[in-house]
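Subject: Structure handover and side-chain contacts

Dear colleague,

I am passing the structure below on to you, together with notes on its side-chain contacts. Please read the notes alongside the sequence.

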Amino acid sequence: MDKFKSIRPYHDDEIRPVLDRLITDPEFLSSIASFYAPRLSRLFPGVMRLLARNRLKGQVASVHDVASMQDVIAGYMYKMIEDTTTSLTHSGLENLDSERSYLFISNHRDITMDPAFVNYMLYHAGNQTVQIATGDNLLKKPFVSDLMRLNKSFIVRRSLKGRELLQGLTLLSEYMQYCIEQHSHVWIAQREGRAKNGVDKTEAALLKMLAMYQRKKPLSESLGKLHIVPVSISYEYDACDVLKAEELYQIETTGVFTKTEKSDIESIVAGMIGYKGAVHVAFGTEIQYESDDPDLIAASIDKQILANYKLRDSNFIALEILKDEGLLPEGVAELDIAIPVIAEQSREVFMNRYKQVDSRLHRHYLLSYANPVISYYRMQSLA
């Protein structure tokens, strides 16, 4: 395992030393204090760091290995679910063989909550939790990297260039193959970055990367050993919907969106504490291969993700508003979209949120909710 040390999650014997280091890290403690009490942290930074340290020390006192760390994280998940969701459901777990490890390829809406919800479902069904692919763009600060690797995350080194990038991706591919062989589930997003516009589409380049370690073999053979299962995660409300609309608007109007040092952290926090409404996690069936064409394989993954995505009233309300305002994308009017009866309470909640959004962002905001409906019916029209 030494060859994977730079990217793998922490092992049992590394958990306690990393935790002990974190609870004495001034920058980490300042971040925790600022999150819970921003005003007091500005007025009394030293005192608030000390309080944060004492609180954290108590919370992780019993943690000594990966399993006990997962138990602590599960406790945080209970509270987050209670505070930010109205329901949490799942489907398809019966498709999984308890004797087999899988590579779950998921649509990507939220930086940390997507794999967290997958883990929650697996954990409560008595399955082992996943190792999580996390881009190094999120790990600009050492304490963030520590936190991710404490939670069974391994690092996707996207910042490498040239030959180093090739070597890094090959090592990553080998590591995921190793995980599956060692009976450990893996989670990876279907694309680099979240689907900010609500269009879920698997990147063919991702599939090529997954097979890079065994690139001399046919693609279907290499991927077949990973036991790929598509996962579809649907949120009634995206806690980062306005942040995403702002980014898309900036790109549309200026050609670029410049991230600050805090952009990803803000998205992570918003995703954790923001309102989500009803959440559904759907596990598909293991991919079967009829081709070595990465585009066709990607399409078969997309087909399951779109078919299993649970459309909500929020998705159809957004589509209705786009239609009423003449903002439907080209070709959508020709699709045979069946609009269900919308519950009045759902309409009221959606409109209350929508009215608070800057009017400049309306089209991007609405499309992020409507696009899952559009994608599903486009797929149906091609069937």
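The notes below cover salt bridges, cysteines, aromatic pairs and a surface patch.

This is a predicted model, in which local features need pLDDT of at least 70 and side-chain atom pairs count only at pLDDT 80 or more, while totals for chains, interfaces and linings use all residues. Residues are numbered from 1 along each chain as its sequence is written, and side-chain values use heavy atoms, with hydrogens and water left out.

Salt bridges (a side-chain nitrogen of Lys or Arg within 4 Å of a carboxyl oxygen of Asp or Glu) number 13 in the whole structure. In one of them Arg8 pairs with Glu14, with 2.8 Å between the closest N and O atoms; Arg8 is buried at 5% relative accessible area, and Glu14 is buried at 18%, where buried means under 20%, exposed over 50% and partly exposed in between, with a 1.4 Å probe and protein chains only. Arg16 and Asp20 form another, at 3.0 Å from N to O, and both lie in helix α1 (residues 12-22), four residues apart, or about one turn of the helix; helices here are DSSP runs of H or I with at least four residues, strands are runs of E with at least two, and both are numbered from the N terminus. Arg16 is partly exposed at 22%, as is Asp20 at 35%. A further salt bridge joins Lys196 to Glu247, with the closest N and O atoms 3.7 Å apart. Lys196 sits in the loop between β5 (186-189) and α9 (204-210) and Glu247 in helix α11 (residues 241-254), so this pair ties together parts 51 residues apart in sequence. Both Lys196 and Glu247 are buried.

No disulfides (cysteine sulfur atoms within 2.5 Å) were found in a search of the whole structure. Cys179 is buried at 1% relative accessibility, and Cys240 is likewise buried at 1%.

There are 18 aromatic pairs, counted when ring centres of Phe, Tyr and Trp (its six-membered ring) lie within 6.5 Å, with planes under 30 degrees apart called stacked, over 60 edge-to-face and the rest tilted. Tyr78 and Tyr120 are edge-to-face, at 6.1 Å centre to centre and 80° between the planes, and they link helix α5 (residues 66-84) with helix α6 (residues 113-124) across 42 residues. Tyr78 is partly exposed at 40%, whereas Tyr120 is buried at 18%. Tyr237, Tyr275, Phe350, Tyr354, Tyr365 and Tyr369 form one aromatic cluster.

Best regards
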